[in-house]
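Subject: Structure for your review

Dear colleague,

Please find below the structure that I am handing over to you. My findings follow it, and I would ask you to read them with the structure open.

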Amino acid sequence: MTNRIHGVVNLSETTLRVSKIKDGTVIDHITAGHALDVLKILGITGRVNSVVTVGMNVPSKTLGLKDMVKIEGRELKSEEVDKIALLAPHASINIIRNYKVVDKQLVRLPEVIHDTIKCANPACISNSNEPVQSTFYVDNEEPLRLRCHYCGYIMEKQDIPKQF
Ligand code: CTP
Ligand code: ZN
């Protein structure tokens, strides 16, 4: 039995699917478990005006399980979303206008990452009370490895999600 509630969810006995949106941005194929980190990167708190829908552990043909985020009424620019590549290198950004996908892009890793994650070295100047913005260089893309501009500390892929 399918229970269709317009604009909210379609429920059936085995699946829960999030509705299509009219206008906005869909961030799809987020590595499962990282949807909330993605919201944090985008600065989406509980106090935004847009309608934001978060899907977690949604079955995906290619990824097994994935997370997704739909932001209505807002078209995110690629620079805004590229930081997502730190957590979800396979995420895709879909721009939706009048229910149609008008643009689809994969996230790209920026060369330099400012003020997004904390250095894992507690003694790093970027972790002190000094007004210093954290800065990392991408040392290697696959597997991801970041190098701190200030102390040279290397953060490996598995260390990165903890530093948001
Ligand atoms: N989507 C949406 N609202 C729309 C159109 C699309 O929320 N009006 C969502 C879809 O649910 C999907 C994503 O945007 O999560 C991309 O849509 P589409 O390209 O139609 O889906 P796929 O072909 O499955 O995409 P991909 O090939 O990237 O997996
Ligand atoms: Zn450092």
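Is Asp115 buried or exposed? Asp115 counts as exposed because its relative accessible area is 53%, and the cut-off for that class is over 50%. Please keep in mind throughout that this is a predicted model.

**Backbone**

Asp115 is placed in the loop between strand 9 (112–114) and strand 10. Its phi is positive, at about 55 degrees, although Asp115 is not a glycine. As background, most residues other than glycine have a negative phi, and most peptide bonds are trans.

Asn57 also has a positive phi, near 55 degrees, and is likewise a residue other than glycine. This residue belongs to strand 5 (residues 52–60). With a relative accessibility of 46%, Asn57 is classed as partly exposed.

The peptide bond that runs from Glu142 to Pro143 is cis, and its omega is near 0 degrees. Pro143 itself sits in the loop that lies between strand 10 (135–140) and strand 11 (145–148).

**Ligand 1**

Which residues surround ligand 1? They are Lys20, Ile21, Val26, Asp28, His29, Met68, Lys70, Asn94, Ile96, Tyr99, Val101 and Lys104. By type, this shell divides into six nonpolar, two polar and four charged residues.

Several strands contribute to the shell: strand 4 (24–31), strand 6 (64–72), strand 7 (92–97) and strand 8 (100–106) each supply at least two residues. Strand 4 gives the most, with three residues.

An N or O atom in the side chain of Lys70 is 2.6 Å from an oxygen atom of ligand 1. For Asp28, a polar side-chain atom lies 2.9 Å from an oxygen atom of the ligand. For His29, the distance from a polar side-chain atom to an oxygen atom of ligand 1 is 3.2 Å. Taken on its own, ligand 1 has 590 Å² of accessible area, and the protein covers 67% of this.

**Surface patch**

Finally, Leu36, Val54 and Met56 form a nonpolar patch on the surface. Together these residues have about 260 Å² of accessible area. Leu36 is part of helix 1 (residues 35–41). Its relative accessible area is 55%, so Leu36 counts as exposed.

Yours sincerely,

A colleague

Notes:
Residues numbered from 1 in each chain as written. Chains lettered and ligands numbered in written order. Predicted model: local features only at pLDDT ≥ 70, side-chain atom pairs only at ≥ 80, totals over all residues. Heavy atoms only, no water. Patch = residues over 30% accessible without salt bridge, like charges linked within 9 Å, V, L, I, M, F, W, Y side chains within 5 Å. Areas by Shrake-Rupley, 256 points an atom, 1.4 Å probe, with all protein chains shown as cover. Salt bridge = Lys/Arg side-chain N within 4 Å of Asp/Glu carboxyl O. Helix = DSSP H or I, 4+ residues; strand = E, 2+ residues; numbered from the N terminus. Buried < 20%, exposed > 50% of the residue type's maximum accessible area, 1.4 Å probe, protein only. Near = heavy atom within 4 Å. Polar contact = N/O pair within 3.5 Å; in protein donor to acceptor, adjacent residues only side chain to side chain. Nonpolar A, V, L, I, M, F, W, Y, C, P; charged D, E, K, R; others polar.
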